[in-house]
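Dear colleague,

Please find below the structure that I am handing over to you, shown together with its sequence. My notes on what was found in it follow directly after.

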Amino acid sequence: MSNYATESTTTSTAESPVSHVLDVDDLSDDDLADVFSTAGDLKAAHREGDPHAVLPNQTLAMLFEKPSTRTRVSFETGMTQLGGHAVYLGPDTTHLDHGEPVADTARALSRYVDAVMARVFDHGALESMATHATVPVINGLSDDAHPCQTLADLFTIYERFDGFEDVSVAWVGDGNNVAQSFAIGTAMAGLDLTMATPEGYEPDEDVLERADERGSAPEVVNDPETAVEGADVVYTDVWVSMGEEDEREAKLGDFDGFQVNDDLLAAAPEADVMHCLPAHRGEEITGDVLESDRAVVWQQAENRMHTQKALLTHLLGAQ
């Protein structure tokens, strides 16, 4: 039996190697390896029906400003499987969006729960929450970053290729929050990443600098075929993110030629195709590609739960 399944301790969060995970580089390289190792053990236990309630009586508060399918279900189900409990707090169920400062919400929740996961628009709100919370704060998505998605993405690549050595990855599309966390995460994992975005949609310069500090910054180009040629993995995401609906028509024009389709994938005939979902078939990806055998999107989606469970055990002190 692996070490994740022994009796949970009462280690305080102050002793945890990481107090908050607002982006993937809040984790050290050792932390990342630990999360992946634990995720593999937890996934195997789940598949085998082996109980792994290592966080008994612990509670996760889940704050949502944005709608969600995978984030809510994966965290809530995962916390239940770990023996704990998750509390859903939507935009109309707290005082957070009705005048109460983030700091006050963070301090109050810290008296009730063992960790907070927040899915928000403004990344600064997460930073304020982390400053004032005395329990771990996890970024379930912000306009700047999506570290939980990156953990699942990297773990999926690790499973598909039995590690990260000599794996080349192409990102095609918007340099959005998912792309920015992925750029940093691939640098930490030692993956060779090329990102193709339309001009003006590249990842932020500070993100590229952080990637370079943790490994190697990705090459950023404006031609999808250049990025995809010979890649082992091709990854895309929606062109119009939540909150950008008023930019839809302009963005659709700007992203002409960036669709992941059979023609583009001819440059990488053996590549796996990834998408964090939800997908807009006929826009950033064709339905034929998404439903093909080369798409690993459902493995990605499942791995959200396993990597988040591993992150929770890492932060909450299960030994």
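**Cysteines**

With a cut-off of 2.5 Å between cysteine sulfur atoms, the count of disulfides comes to 0. Please bear in mind that the model is a predicted one. Cys148 takes part in no disulfide, and the nearest cysteine sulfur, that of Cys276, is 13 Å away. Cys276 is likewise in no disulfide, its nearest cysteine sulfur being that of Cys148, 13 Å away. Because buried means under 20% relative accessible area, Cys148 falls in that class at 1%. Cys276, at 7% relative accessibility, also counts as buried.

**Helix 5**

Cys148 belongs to the buried part of helix 5, a helix that runs over residues 147–161. Its 15 residues reach 21 Å from the first C-alpha to the last, close to the 21 Å expected at 1.5 Å a residue. The helix is mostly covered, with 11 of its 15 residues buried. The buried residues are Pro147, Cys148, Gln149, Thr150, Leu151, Ala152, Asp153, Leu154, Phe155, Thr156 and Ile157. Asp162 follows helix 5 and has a positive phi, near 55°.

Which residues does Lys43 contact, leaving aside its neighbours within four places in sequence? They are Phe155, Glu159, Gln299, Glu302, Asn303 and His306. Lys43 itself lies in helix 1, residues 29–48, and is buried with a relative accessible area of 8%. The C-alpha atoms of Lys43 and Asp23 are 20 residues apart along the chain and are separated by 23 Å.

**Leu193 in strand 6**

Strand 6, residues 192–196, contains Leu193. Is Leu193 buried or exposed? At a relative accessibility of 4%, Leu193 counts as buried. Not counting residues up to four places away in sequence, Leu193 touches Val169, Ala170, Trp171, Phe182, Ala183, Thr186, Pro218 and Glu219.

**Thr286**

Thr286 is placed in the loop between strand 9 (272–275) and helix 11 (287–290). Its relative accessible area is 17%, and Thr286 is therefore buried under the 20% cut-off. Beyond residues up to four places away in sequence, Thr286 touches Gln259, Val260 and Asn261.

**The largest pocket**

The largest pocket may be of particular interest for your work. Its volume is about 390 Å³. How many residues line the largest pocket, and which of them lie nearest its centre? The lining comprises 24 residues, and those nearest the centre are Arg119, Leu141, Met242, Leu277 and Pro278. By class, the lining is made up of 9 nonpolar, 9 polar and 6 charged residues. Helix 2 (70–81) and helix 6 (177–189) each contribute at least two residues to the lining.

In summary, the predicted model has 0 disulfides by the rule applied, a helix 5 that is mostly covered, and a largest pocket of about 390 Å³.

With kind regards

How values were computed:
Residues are numbered from 1 along each chain as its sequence is written. This is a predicted model: local features need pLDDT of at least 70, side-chain atom pairs count only at pLDDT 80 or more; totals for chains, interfaces and linings use all residues. Side-chain values use heavy atoms; hydrogens and water are left out. On a 1 Å grid over the protein atoms alone, a cavity is a set of points where a 1.4 Å probe fits but cannot get out, and a pocket is an open set with protein on both sides within 12 Å along at least five of seven lines; lining residues have an atom within 4 Å of a point. Grid points are joined across faces, edges and corners, and a volume is the space filled by probe spheres set on the points. Helices (H or I, at least four residues) and strands (E, at least two) are DSSP runs, numbered from the N terminus. Ala, Val, Leu, Ile, Met, Phe, Trp, Tyr, Cys and Pro count as nonpolar, Asp, Glu, Lys and Arg as charged, and the others, Gly among them, as polar. Buried means under 20% relative accessible area, exposed over 50%, partly exposed in between (1.4 Å probe, protein chains only). The expected span of a helix is 1.5 Å times one less than its number of residues. Contact means heavy atoms within 4.5 Å.
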